[in-house]
Amino acid sequence: MTPPHLRCLSAPGFYWSPPSSSLLLRKLAMSVKQRTSYAEGKPALRGVVFDMDGTLTVPVIDFAAMYRAVLGDEGYTAAKFGSPGGSVDILHHIETWPPQEQQRAYEIIADFERQGLDRLQIMPGAAELCGYIDSKQMRRGLITRNVKASVDLFHRKFGLKFVPALSREFRPYKPNPAPLLHICSSWGIPPNEVMMIGDSLRDDVACGKQAGAFTCLLDENGRYGPIDSLSKDLQPDFQVSSLSEVQSLLDINFELLQHPQTTL
């Protein structure tokens with residue numbers, strides 16, 4: 001019997017139709033009959049996309065302190081009360097500011113991120129999970145709202161290479177589905193054969209669901225509470241408390257198909 005925390009919480013049946021001007025891969029609509037035709041109901045999976053901070057790496061940045069430094073105490077409190085669930089999307093928040101104020105805010109954020117780099121640690125189970133995905137000749141990608149320098153350091157320090165690896169220099173960033181759709185297009189894999197794994201409902205799960213991908217929430221401390229109490233647009237398909245649980249989740253719920261990297 002599948003452990004409760006590994007059970008599928010919803011089955012994606014999304015249809016993505018990209019803008020006519022886009023070169024993104026088109027996703028075919030899947031009927032109920034088609035979805036249940038995969039190996040006794042198991043859907044195909046060819047790629048996994050990870051968030052970085054708090055998912056592939058241990059959380060080290062004090063985000064509350066960073067938000068206060070950018071917004072001030074009163075501004076931070078007002079932003080929390082004005083956001084769903086009390087979450088603050090600092091990057092979207094400062095986009096409306098005048099250029100000079102934006103620059104000051106980005107410098108504060110960059111300073112906090114540099115301090116985090118000095119204490120960068122890989123998340124337990126991350127290397128093993130990546131090794132397992134590689135053994136299946138599936139694809140691995142990364143999407144983060146951190147900067148490219150942080151991604152480059154992660155690659156160098158831990159010897160794990162994600163292709164593509166999109167940082168916040170790629171616009172628009174999460175929760176917009178554009179970066180995930182870009183990765184699917186570059187792989188030549190439809191979004192409904194990809195899983196997005198991350199620790200944020202607002203950024204990672206929302207991004208994955210809007211793209212039509214499977215979603216897995218990493219919730220180490222149970223801070224999100226009962227998943228079925230969330231609105232449908234934020235309910236992940238799966239929930240785990242550690243990355244070490246993801247391998248069995250993939251084995252139980254999916255037909256894992258090869259999609260090896262091609263070299264030119």
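Me: Which ring does Arg140 lie over?
Reply: Arg140 sits over the face of Phe162, 4.6 Å from the ring centre. The cut-off for a charge over a ring: NZ of Lys or CZ of Arg within 6 Å of the ring centre and within 35 degrees of the ring normal.

Me: What kind of model is this?
Reply: A predicted model: local features need pLDDT of at least 70, side-chain atom pairs count only at pLDDT 80 or more, and totals for chains, interfaces and linings use all residues. Residues are numbered from 1 along each chain as its sequence is written, and side-chain values use heavy atoms, with hydrogens and water left out.

Me: How many aromatic pairs are there?
Reply: Five. Rings of Phe, Tyr and Trp (its six-membered ring) pair if their centres lie within 6.5 Å; planes under 30 degrees apart are stacked, over 60 edge-to-face, the rest tilted. Phe154 and Phe162 make a tilted pair, 6.0 Å centre to centre with 40° between the planes.

Me: Are those two, Phe154 and Phe162, buried or exposed?
Reply: Both Phe154 and Phe162 are buried. That means under 20% relative accessible area, with exposed over 50% and partly exposed in between (1.4 Å probe, protein chains only).

Me: Which residues do ring pairs link into a cluster?
Reply: Phe50, Phe154, Phe158 and Phe162.

Me: And what do Phe214 and Phe254 form?
Reply: An edge-to-face pair, 4.8 Å centre to centre, with 85° between the planes. Phe214 lies in strand β6 and Phe254 in the loop between α9 and β8, so the pair ties together parts 40 residues apart in sequence. Helices (H or I, at least four residues) and strands (E, at least two) are DSSP runs, numbered from the N terminus.
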